[in-house]
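Here are a few exercises to work through with the model open. Try each one yourself before reading its solution.

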Amino acid sequence: MKEVAKYLIKVDAEFKDGKIVPEIPYDEVMRLVNEPNIVIIKTGIPQETLAKVIAGTRDWATKTPLAEGPDTFDNNQHKQRLHIAKIQQAPQLFHDHTFDALLDLDAEFQQTLLSVFDPMRNFWNSLTGNNESFGIRKGEPYFHPQVTHYPLGGSFFGRHWHPLNPQKVGVILALNQYGKDYTSGGTGYVINDHIVETEGYQDMGDMILFRYDLPHWVSPSSFADRFSWEDPAGRWVSILPFYNPWGTPAEKDEPQGWKTHIQAAKSATSEAAV
Ligand SMILES: [Fe+2]
């Protein structure tokens, strides 16, 4: 375990029998995340496995028409997002592939996706004390496995946030390599009024963990490159959101629950000292 920048901690792990096993106990990882810090787990998932997820997703996307209507949260779809979120006013430009109906995919592609989403799911379950499986559950929180492509030439995701629960910890797995497959763009966070940029710190196979209520964003890919929806170059990540799409959306005001919590702890300490 090593602090590589302020609020940015790298944790080694071993990839054993399809499971990501961190060098420190899960509750210790959870404590670091909640403090809060951004934790980068070096999962050790083989590069061929990660590359296959990108190749398989691209192949599936060429055979699947782009989704256009409102999201239904009950299918496998991919969409070119270019949009400003209504409530949070966060602008976005990226291509996402969402596999809510992962279990309905053909066996081969399903297996390819599960080679990363199962380790991510198991890790998240161990971290948060859950025991959740894949599958759609109307009216309840469930997993929305997603492979996101940030094309070259100006893709990004503006500052936004999520309710802390039921996700608790957001997970972002890098499917390709900064400095080789792409040279700009990464997730940023605000912790105690300090900006934490992870761009350049997340290698292929590294999984970022963050408290889900921290304001965060994705910094842009360089405008020096030509933009194209068709060009597969750029940053690819897989994420594992867990929420009820028909539940209450995040509020307009940024949640600072952790900050209040820290302040409350401080004043309790100073009162105790008096
Ligand atoms: Fe987010």
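**Exercise 1.** Find the largest nonpolar core and say which residues have the most contacts inside it.

*Solution.* Start with the rule: a nonpolar core is a set of buried Ala, Val, Leu, Ile, Met, Phe, Trp, Tyr and Cys residues joined through C-beta atoms within 7 Å. Buried means 20 or more other C-beta atoms within 10 Å of a residue's own, exposed means 12 or fewer, and partly exposed is in between, with C-beta atoms placed from the backbone. The largest such core here has 47 residues, and Val171, Leu173 and Leu209 have the most contacts inside it. Its largest share, eight residues, comes from helix H3 (residues 107–128); helices are DSSP runs of H or I, at least four residues, and strands are runs of E, at least two, numbered from the N terminus. Another core of six residues lies apart, Leu93 and Trp217 among them.

This is a predicted model: local features need pLDDT of at least 70, side-chain atom pairs count only at pLDDT 80 or more, and totals for chains, interfaces and linings use all residues. Residues are numbered from 1 along each chain as its sequence is written.

**Exercise 2.** Which residues does Val171 contact, leaving aside neighbours within four places in sequence?

*Solution.* Count a contact when C-beta atoms, placed from the backbone, lie within 7 Å. That gives Met120, Trp124, Met207, Leu209, Ile239 and Leu240. Now check H3: its buried residues include Met120 and Trp124.

**Exercise 3.** Is Gly129 buried or exposed?

*Solution.* First locate Gly129, in the loop between H3 and strand E7 (142–143). Then count: Gly129 is exposed because it has 10 C-beta neighbours inside 10 Å. Finally, check the backbone: just after H3, Gly129 takes a positive phi of about 75 degrees.

Notes: Contact = placed C-beta atoms within 7 Å.
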